[in-house]
Amino acid sequence: MLYAVWGNPIAQSKSPQIHRIFAKQTAQDVQYDAMLGDEQDFERQLLAFFAQGAAGCNITSPFKERAFKLADAHSERCLIAEACNTLKKLDDGTLYADNTDGAGLVTDLQRLNWIKPNQTLLILGAGGATKGVLLPLLHAQQNIVIANRTLAKAQLLAEKFSPYGNIRAVELSQLPTQSFDVIINATSSGLHGGTIQINDEILRAAKAVYDMQYDRQKDTPFLARCGALGVQNRSDGFGMLLAQAAHTFHLWRGVMPNITPLFEQL
Ligand code: ATR
């Protein structure tokens, strides 16, 4: 059975390693490759990949929205995220799209024991990364405050997701000081080296902080800042990466791999 991850760039992707370990762990006969998508030609490449017999693939930046549009059917969480990180070829040959990012985040927060019903989570950022995880967080009965530099973007998300739970939008600089159960960084700030304009007091008062980005060598800039402020419970998004892959593997193969050994193995 042939699977792959499509993105551009793709050399940095850990997905091939992760899925090969999952396949070994669950004794599944799976081939998993890394595929460099072409900005001009991605749709044709993807359809050719499936025409050649592939059973499924992951989709990463910058193709998640294009894969979403190409799919024939979608899970609810994928539809509302308007982005797809997982495609599965169904028996009738059609392409089913899912988005396992939010489930991956919830699974990782559960692993950390940071998620209990009716907590209040603060999410920083209102881009695609945030949109991809909101539904599973709301389904896990989390109250959500989205804080964004550009208030209008956070408001759009809060309106879109309000039928599913308790969610509201605030401008980042206007956040009142309160103690959030978990503060999740879903901004792209670390990638550009920018600092998030949030009051240190809010970070200091957090029970836990989570960065959806990860760095295996050192703290991400967000976690380093929180650490310097004395926040004890800190995690980067490596567990989320592993858990989203596990949910994808489950969709494809019907078995849920154990992510725990991979923290050591990778
Ligand atoms: P992604 O798909 O990774 O979420 P995106 O759609 O470009 O990327 O969204 C990036 C998010 O990070 C946005 O919410 C952006 O804030 P704005 O909407 O105000 O642009 C946020 N962001 C990026 N750099 C930031 C910084 N230094 N401080 C605060 N927010 C930042």
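Colleague: How many residues surround the ligand, and which are the closest?

Modeller: Bear in mind that this is a predicted model. The ligand has 15 residues around it, and the closest are A126, A129, N148, R149 and T150.

Colleague: What does the polar side-chain atom of R149 lie 2.9 Å from?

Modeller: An oxygen atom of the ligand. On its own the ligand exposes 640 Å², and the protein buries 73% of that.

Colleague: Which atoms of G128 and A129 come up against ligand oxygen, backbone or side-chain?

Modeller: Backbone in both cases. For G128, a backbone N or O atom is 3.0 Å from an oxygen atom of the ligand. For A129, a backbone N or O atom is 2.9 Å from an oxygen atom of the ligand.

Colleague: Switching to the fold. What is the strand order in the open sheet?

Modeller: The order is β2-β1-β3-β5-β6-β4, so 6 strands with mixed pairing. The edges are β2 (31–36) and β4 (73–74), each of which pairs on one side only.

Colleague: And β1 with β3, parallel or antiparallel?

Modeller: Parallel, over 4 bridges, with β1 at residues 2–7 and β3 at residues 56–59. Within that pairing, V5 has N58 of β3 as its bridge partner.

Colleague: Which strands does helix α1 lie across?

Modeller: Helix α1 (residues 15–25) lies across β1, β2 and β3, and runs at about 170 degrees to β2. Helix α12 (residues 238–253) lies across β1, β2, β3, β5 (86–89) and β6 (95–98), running at about 10 degrees to β5.

Colleague: What about phi of E82, positive or negative?

Modeller: Positive, near 55 degrees, in a residue other than glycine. E82 is in the loop between α4 (76–81) and β5. Most residues other than glycine have a negative phi, and most peptide bonds are trans.

Colleague: Last one. What does UniProt place at residues 5–87?

Modeller: The unreviewed entry gives the feature "domain: Shikimate dehydrogenase substrate binding N-terminal" there. Over residues 5–87 the chain is 41% helix and 20% strand, and the end C-alpha atoms are 10 Å apart.

Definitions and conventions. Residues numbered from 1 in each chain as written. Predicted model: local features only at pLDDT ≥ 70, side-chain atom pairs only at ≥ 80, totals over all residues. Heavy atoms only, no water. UniProt positions renumbered as here; feature names shortened; annotations may be inferred. Helix = DSSP H or I, 4+ residues; strand = E, 2+ residues; numbered from the N terminus. Pairing = 2+ DSSP bridges. Contact = heavy atoms within 4.5 Å. Axes fitted to C-alpha atoms, helices over the stretch in contact; angles between N-to-C directions. Near = heavy atom within 4 Å. Polar contact = N/O pair within 3.5 Å; in protein donor to acceptor, adjacent residues only side chain to side chain. Areas by Shrake-Rupley, 256 points an atom, 1.4 Å probe, with all protein chains shown as cover.
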